[in-house]
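Biologist: Could you put the model up, so that we can go through a few of its features together?
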Amino acid sequence: NFPEDTIKKVTGYNYVNICSVDEDPTEPGHYFASSFGYGIYEFRNGEFIKHYNDANSMIESAAPGRYSYAYCRVPTVKFDNEGNLWCINTGVKDIVKVLKKNGEWVSLNYDKIEYKPTMVKPLFDSRGWLWITSLQGWEGDPGIFCAKPNNTLFDTSDDETKLWTDKFTNQDGVSYDIYQVYSLCEDLDGYIWIGTNTGLFLIDNPEEFFSHGTFKQIIVPRNDGTGLADYLMGCLYI
């Protein structure tokens with residue numbers, strides 16, 4: 001539904017590797033799409049409006065130099081309820097960028113995730129905390145990051161943060177090597193659910209995430225007379 005065939009002619013850059021799209025909650029028909037390589041594209045009422053990359057915004061390239069324009073990796077864009085666009089700009093020092101509703105760019109630094117290569121999906125939970133998945137990588141990269149803003153959304157200096165990239169250990173003391181973290185969501189009770197390459201995990205007390213890394217798994221009785229049970233969706237790709 002978007003005029004994609006003309007974008008390369010207008011911008012001079014390839015229009016490829018589109019990873020996400022989100023609609024402005026304050027303006028129906030106003031969309032942003034992100035590319036893993038070429039930055040961000042803005043659309044309004046079905047028409048292409050603007051392209052953002054390292055030349056005209058705070059979006060950074062993961063490979064500065066002659067071909068930096070091809071390494072503006074933005075796997076996810078996500079609006080908050082106020083119409084600010086949150087951008088995950090992976091592989092650079094300041095991975096979180098925000099295009100505020102008033103058109104001002106803000107670059108947020110979290111030292112625990114600087115230069116991480118596969119930070120992917122953001123989630124603002126009902127407490128106003130920012131969660132981001134680290135999809136995969138090397139040297140213990142796959143995992144979960146959380147930042148508690150303390151009522152200063154665009155000032156990270158007083159944020160409490162935690163990055164968990166070690167083994168996921170459940171309530172029974174069973175540990176798993178996590179190679180991919182695919183998905184993240186919050187349920188109506190405020191619990192955080194995490195989908196991984198080795199099953200489904202739950203953070204049922206998010207406040208404790210900052211002090212230790214225990215992840216709960218739901219136990220499902222077999223009800224076959226054996227007295228045995230299994231973990232819900234255990235060892236599945238979720």
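Biologist: Is Phe32 buried or exposed here?
Modeller: This is a predicted model, and in it Phe32 is buried, with a relative accessible area of 3%. Phe79 counts as buried as well, at 9% relative accessibility.

Biologist: How many aromatic pairs turn up in the whole structure?
Modeller: A search of the whole structure gives 21 aromatic pairs. One of them joins Phe32 and Phe79, whose ring centres are 5.8 Å apart and whose planes meet at 65°, so this pair is edge-to-face.

Biologist: Where do Phe32 and Phe79 lie along the chain?
Modeller: Phe32 belongs to strand β2 (residues 30–37) and Phe79 to strand β6 (residues 76–79), so the pair ties together parts that are 47 residues apart in sequence.

Biologist: And what about Trp164 with Phe215, how are those rings arranged?
Modeller: Their centres are 6.4 Å apart with the planes at 55°, so the pair of Trp164 and Phe215 is tilted. This pair also links distant parts of the chain, since Trp164 is in strand β13 (residues 160–164) whereas Phe215 is in the loop between β18 (199–203) and β19 (219–221), 51 residues apart. Phe215 is buried, with a relative accessible area of 1%, and Trp164 counts as buried at 18%.

Biologist: Why does Trp164 count as buried at 18%?
Modeller: Because buried means under 20% relative accessible area, and Trp164 is at 18%.

Biologist: Which rings are linked into a cluster?
Modeller: Ring pairs link Trp129, Trp131, Trp164, Phe168, Tyr176, Phe201, Phe209, Phe210 and Phe215 into a cluster.

Biologist: Which charged residues lie over the faces of Trp129 and Phe210?
Modeller: Arg127 lies over the face of Trp129, 5.0 Å from the ring centre, while Lys148 lies over the face of Phe210, at 4.9 Å from the ring centre.

Biologist: Changing topic, what is the strand order in the open sheet with β17?
Modeller: The three strands run in the order β16-β17-β18 with antiparallel pairing. β16 and β18 are the edge strands, each pairing on one side only, and the twist from one strand to the next averages 20°.

Biologist: How many bridges join β16 and β17?
Modeller: Strand β16 (residues 181–186) and strand β17 (residues 192–196) pair over five bridges, with Leu184 having Ile194 as its bridge partner. β17 and β18 also pair over five bridges, and there the partner of Ile194 in β18 is Phe201.

Biologist: What about the hairpin of β16 and β17, which residue takes a positive phi?
Modeller: That is Gly190, with a phi near 85°, in a hairpin that has five residues between the strands.

Terms used. Residues are numbered from 1 along each chain as its sequence is written. This is a predicted model: local features need pLDDT of at least 70, side-chain atom pairs count only at pLDDT 80 or more; totals for chains, interfaces and linings use all residues. Side-chain values use heavy atoms; hydrogens and water are left out. Two strands pair if DSSP finds at least two bridges between them. Helices (H or I, at least four residues) and strands (E, at least two) are DSSP runs, numbered from the N terminus. Rings of Phe, Tyr and Trp (its six-membered ring) pair if their centres lie within 6.5 Å; planes under 30 degrees apart count as stacked, over 60 as edge-to-face and the rest as tilted. Buried means under 20% relative accessible area, exposed over 50%, partly exposed in between (1.4 Å probe, protein chains only). A charge sits over a ring if NZ of Lys or CZ of Arg is within 6 Å of the ring centre and within 35 degrees of the ring normal. Axes are lines fitted to C-alpha atoms, for helices over the stretch in contact, and angles run from 0 to 180 degrees between N-to-C directions.
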